[in-house]
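Dear colleague,

Please find below a structure that I am handing over to you. My notes on what was found in it follow directly after.

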Amino acid sequence: MKRALLPVLFLSLGLASPLALAQGGSKKKAATPAPAAAPATPAPKKDDGLDVSRLPFTPDSIRQVIAHHMPRIQECYEDHMVEKDKKVEGLLRTTFTITAEGTVRSAKIDKHGSTLKDAGLNDCVVAVLSSLDFPKPPDGRDHPIEYPFNLKAIE
C-alpha cells in the first residue's frame, strides 16, 4: 500500500484576511511496520541543512520550512496508518505561534476543526511542529499560524 501525505497550508500572519498557499504532496512507502505497542514519535531534531537565518519572514518561507520538515509529519502519519492497520483519511488542523525568536510556542491540534481524532497522531504532529525553527519576524512580535493538513492514503 502506498501512503501519501497531502498537506494544505493556510497561514494567518495577523493580516485582515488569511493567505491561502500552495498544496503539495509526497509519496513514500512505509518501511517495516513498527510494533503496534510502539508510540508514534517524530524523528529527533538535527542539523538538517536548512538555514532559516537566511530566509525572510514571509508566508512563502514559512511554507518552505514546513515543506522541508514534511517527511517528519509523513512519518507520524505513516506510523499511525501502520498502527491502525486501516485506511485513515481526514483533516488535521494545527495552530501554533512563531515567537519573536523564530521558535514555536503553543503548538496544538484544533480538535473541533479536525476530522482525525487520534491522540497518538496528534501528539506526534505537535511534537514535530514544536521542534521547528522559523525565520525571525522583523517586527519582533509573535505571529499565530494556522496550518491544516489534509491527510489521505493512496493505494
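Of the contacts in the chain with a separation of 6 or more, 75% are accounted for by residues 24 or more positions apart; contact means heavy atoms within 4.5 Å. Please note that this is a predicted model, in which local features need pLDDT of at least 70 and side-chain atom pairs count only at pLDDT 80 or more, while totals for chains, interfaces and linings use all residues. Residues are numbered from 1 along each chain as its sequence is written, and side-chain values use heavy atoms, with hydrogens and water left out.

The chain holds three helices and six strands, and from the N terminus on its elements run β-β-β-α-α-β-β-α-β. Both kinds of element are DSSP runs numbered from the N terminus: helices are H or I with at least four residues, and strands are E with at least two. Of the 155 residues in the chain, 41% are buried; the term means under 20% relative accessible area, with exposed over 50% and partly exposed in between (1.4 Å probe, protein chains only).

A search of the whole structure finds one disulfide, that is, a pair of cysteine sulfur atoms within 2.5 Å. The partners are Cys76 and Cys124, whose sulfur atoms are 2.0 Å apart. Because Cys76 lies in helix H2 (residues 70-84) and Cys124 in helix H3 (residues 119-130), the pair ties together parts that are 48 residues apart in sequence. The link of Cys76 and Cys124 is left-handed, with -75 degrees about the S-S bond. Both Cys76 and Cys124 are buried.

Which residues of helix H1 (residues 59-68) are buried? They are Pro59, Ser61, Ile62, Val65 and Ile66. These residues cover an arc of only 165 degrees around the axis, so they are on the same side of H1; the arc is that of the directions from the helix axis to the C-beta atoms.

Ile98 is buried, with a relative accessible area of 0%.

Yours sincerely
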